Amino acid sequence: MKTCLVVDDSKVIRKVARHILETLDFQVREAGDGREALDSCLATPPDVILLDWNMPVMSGMDFLRALKDSGLPQRPKVVFCTTENGMAYIRAAIEAGADEYVMKPFDRETLESKLQIVGVA
Amino acid sequence: MPGSAPIQGSAAAMNMIAALLEQRTGQQIAANRAWRIETALKPLIRERGLATLDELVAALVVSRTPELSEMVVDALLNQETSFFRDAAVLESIGDAAWEMQAEMPGRRLRLWSAGCSTGQEPLSLAMMFTERESKGQSPPEIIATDVSGAALARARAGRYSQFEIQRGLSVLRMISWFEGSGGEWVANPELVRKVQYRQHNLAGDGPPPGRFDIVLCRNVLLYFSAALRRKVLDTLAAAVRPGGLLVLGAGETVIGLSDHFVPSERFRGLYQAVDPGTPAHSTRLALR
């Protein structure tokens with residue numbers, strides 16, 4: 001069973017994502033900000049991370065940079081999942097190393113499709 | 001009040017609507033999916049200021065123009081599609097085209113995307129073949145057809161909702177080929193121009209002119225009766241050149257329905273066009 005870390009400061013989004021991911025046979029972990037997510041990844045790296053952009057303590061972008069610098073031998077796939085839907089944000093995320101990008105709001109088909117594209121579903 | 005009244009239809013109204021759809025397009029609505037009629041037509045019923053499905057049927061009967069019946073048929077057609085649906089199959093098509101091109105240098109290949117709905121399949125092909133140009137592969141001519149004028153209008157516009165654009169399309173392809181515009185995503189006109197869209201009814205029309213090297217008719221036959229599947233496969237057989245390929249949906253087959261195609265030994269899941277009078281094994285060798 002693949003593991004997905006859902007990183008979002010919204011409990012509602014985490015709950016919705018968890019529900020969808022569990023129906024896709026993922027084991028789901030949650031983090032409320034980038035700092036919490038980094039600790040979780042360094043302790044036990046997931047297969048894929050669903051990452052919000054704007055969060056308190058540490059943003060998704062800062063988390064992504066910190067993850068790259070962390071020296072993890074096998075970096076998890078990173079799928080941004082955000083309301084920042086402008087082309088500039090999308091390009092910045094890709095340049096920073098994101099593997100895919102989900103624009104909120106999302107549904108089951110979108111999430112499944114993006115997870116297939118990054119090769120974890 | 002029409003805005004909140006339930007849209008319930010009598011059995012007679014449901015049967016008339018289902019018969020209209022089958023007569024125009026060949027598509028059947030299974031009894032266990034009859035609920036789709038009410039769901040799909042609810043917006044049209046509201047838009048017309050009507051209250052029930054029976055009132056819509058009455059309007060169809062008295063209407064002297066085909067406009068309303070076309071709107072009903074368009075609303076009922078299943079337009080389920082996505083970018084790069086069954087991506088591995090599309091890659092096989094790209095590889096098959098590469099081999100065909102090597103066998104027939106100098107000739108531009110022709111592809112037909114039959115039942116293209118709102119255009120995601122032909123645009124996916126256009127993206128894939130354009131990307132393969134850098135490896136030396138020549139892009140084929142892509143003809144895309146659908147029975148629905150409304151679906152084709154959307155395909156020609158190349159505009160997709162946020163949900164549609166994210167189904168099957170990688171973010172890299174999305175930012176390479178589309179621009180955000182007012183909550184929608186619009187395909188680069190250069191990409192749209194790589195596809196020739198035409199209205200075509202598989203259930204009643206003959207094949208488009210000329211022979212095709214590869215014909216895609218994915219997830220279309222499953223809505224037809226067995227008799228109509230045979231007829232449509234005859235139409236597709238007339239469209240594919242001998243040795244050319246037919247691509248069906250994952251749950252569809254020619255077995256028991258057509259002698260014009262045999263499973264391709266080279267490309268898994270694809271069918272090769274054969275002359276029914278020719279022993280299949282000798283024709284199969286042609287593409288090896």
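In which helix of chain B does B:Ile175 lie? The structure examined is a predicted model, in which local features need pLDDT of at least 70, side-chain atom pairs count only at pLDDT 80 or more, and totals for chains, interfaces and linings use all residues. Residues are numbered from 1 along each chain as its sequence is written, while chains are lettered from A and ligands numbered from 1 in the order of writing.

B:Ile175 belongs to helix H9 of chain B; helices (H or I, at least four residues) and strands (E, at least two) are DSSP runs, numbered from the N terminus. B:Ile175 touches A:Met87, A:Ile90 and A:Arg91, residues up to four places away in sequence not being counted; contact requires C-beta atoms, placed from the backbone, to lie within 7 Å. B:Ile175 counts as partly exposed because it has 16 C-beta neighbours inside 10 Å; 20 or more other C-beta atoms within 10 Å define a buried residue, 12 or fewer an exposed one, and values in between a partly exposed one.

The contact between the chains takes ten residues from chain B and 16 residues from chain A. On the side of chain B that touches chain A, helix H8 (162-166) and helix H9 (171-177) are the elements giving two or more residues.

In chain A, UniProt lists A:Asp52 as "modified residue: 4-aspartylphosphate" in an unreviewed entry; such annotations may be inferred rather than shown by experiment, and positions follow the numbering used here, with feature names shortened. A:Asp52 is placed in the loop between strand E3 (48-51) and helix H3 (60-69) of chain A. With 27 C-beta neighbours inside 10 Å, A:Asp52 counts as buried.

Methods. Contact = placed C-beta atoms within 7 Å.
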